[in-house]
Amino acid sequence: MATDFNPILATLHRMHRQFADLMEQVNGGLRRIRGMEARIEELKGIHETAVRTVLDFRISLDQKQAQLEANEASIIKRKKQLDEAKNEREFKGIKEQIAAAEAANAVLSDEILEGLDYLDTLKQNAELAKRNLESTETLLNEIREKTQETREWAEAEIRRIKGDFRKKEAELDGEHRMLYEKLFKIKKFDSLTSVENKCCSGCHTILPLDVIASIISCQKAVSCPMCSRLLYVKEGHHVKD
Ligand SMILES: [Zn+2]
């Protein structure tokens, strides 16, 4: 009587899922790290822009402050000139210049006061951007450590299962072994699937009864006509008409 490859394929399928799960745990961590690295680049850009905005605004405020001081100096100078005015017309002219400079300074000092408030807001924005960046960097470091731990654990698990896995693979022979090896090269841990309710459980294609019968009897190795996974029938599986 020919060897029943179905339980062997079922065990291999379970092991494939174990390997795939372990790899997914590692890859999931790596994907999360890559996502956070991209986010950190974004946050760095936001922080740099916020800092530059503070700097540019402070320069514009300093310029206004310098203008205010220059105006004040010229007001003092003109006030002295008032005493030296040669006539009424010159006196009036200087008075008008003083009034214009004082009006300009009133506007400037309002702008400077408002600007100082706004500068505070800009500084708070920059501080917030910095804190966001720092907390995301801290989180990334934690995830890196955790992923490293997961990776070491998963690699140890893979090494642990691998011996049994190779032994189980060696139990296949003939056509089943050839087809298994061929499919495994291409589909890796997605190369096996069971028959459930007369269907391929991998892609739900309905399988003819005679095909299912030959899977059960192991007369030949059968891969799904649709998804090409190697098919097996689980123990205790009944095919009803
Ligand atoms: Zn299929």
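This is a predicted model: local features need pLDDT of at least 70, side-chain atom pairs count only at pLDDT 80 or more; totals for chains, interfaces and linings use all residues.
Which residues is N6 in contact with, leaving aside its neighbours within four places in sequence?

View 1. Once neighbours within four places in sequence are set aside, the residues in contact with N6 are I215, I216, C218, Y232 and V233. The relative accessible area of N6 is 6%, and because buried means under 20%, N6 is classed as buried.

**View 2. The salt bridge between K64 and E111.** The side chains of K64 and E111 form a salt bridge, with an N to O distance of 3.2 Å. K64 is part of helix α1 and E111 is part of helix α2, so this pair ties together parts that are 47 residues apart in sequence. K64 has a relative accessibility of 29% and is therefore counted as partly exposed. E111, at 32% relative accessibility, is likewise counted as partly exposed.

**View 3. The salt bridge between K79 and E102.** In the pairing of E102 with K79, the closest N and O atoms are 3.8 Å apart. This pair links distant parts of the chain, with K79 in helix α1 and E102 in helix α2, 23 residues apart. A relative accessible area of 44% places K79 among the partly exposed residues. E102 is also partly exposed, with a relative accessibility of 39%.

**View 4. The salt bridge between K168 and E171.** The side chains of K168 and E171 meet at 3.4 Å, N to O, in a salt bridge. E171 shows a relative accessibility of 38% and so counts as partly exposed. For the model, the count of salt bridges comes to 14. Side chains of opposite charge can pair when their charged atoms come close.

**View 5. A patch of negative charge on the surface.** D110, E114, D117 and D120 gather in this patch. One of these residues, D110, lies in helix α2, which comprises residues 88-170.

How values were computed
Residues are numbered from 1 along each chain as its sequence is written. Side-chain values use heavy atoms; hydrogens and water are left out. Buried means under 20% relative accessible area, exposed over 50%, partly exposed in between (1.4 Å probe, protein chains only). Contact means heavy atoms within 4.5 Å. Patches are made of residues with over 30% relative accessible area and no salt bridge: like charges are joined within 9 Å, nonpolar side chains (Val, Leu, Ile, Met, Phe, Trp, Tyr) within 5 Å. Accessible areas come from the Shrake-Rupley method with a 1.4 Å probe; for residues, only the protein chains shown count as cover. A salt bridge is a side-chain nitrogen of Lys or Arg within 4 Å of a carboxyl oxygen of Asp or Glu. Lys and Arg count as positive and Asp and Glu as negative; His and the chain ends are not counted. The place of a charge is taken as NZ of Lys, CZ of Arg, CG of Asp or CD of Glu. Helices (H or I, at least four residues) and strands (E, at least two) are DSSP runs, numbered from the N terminus.
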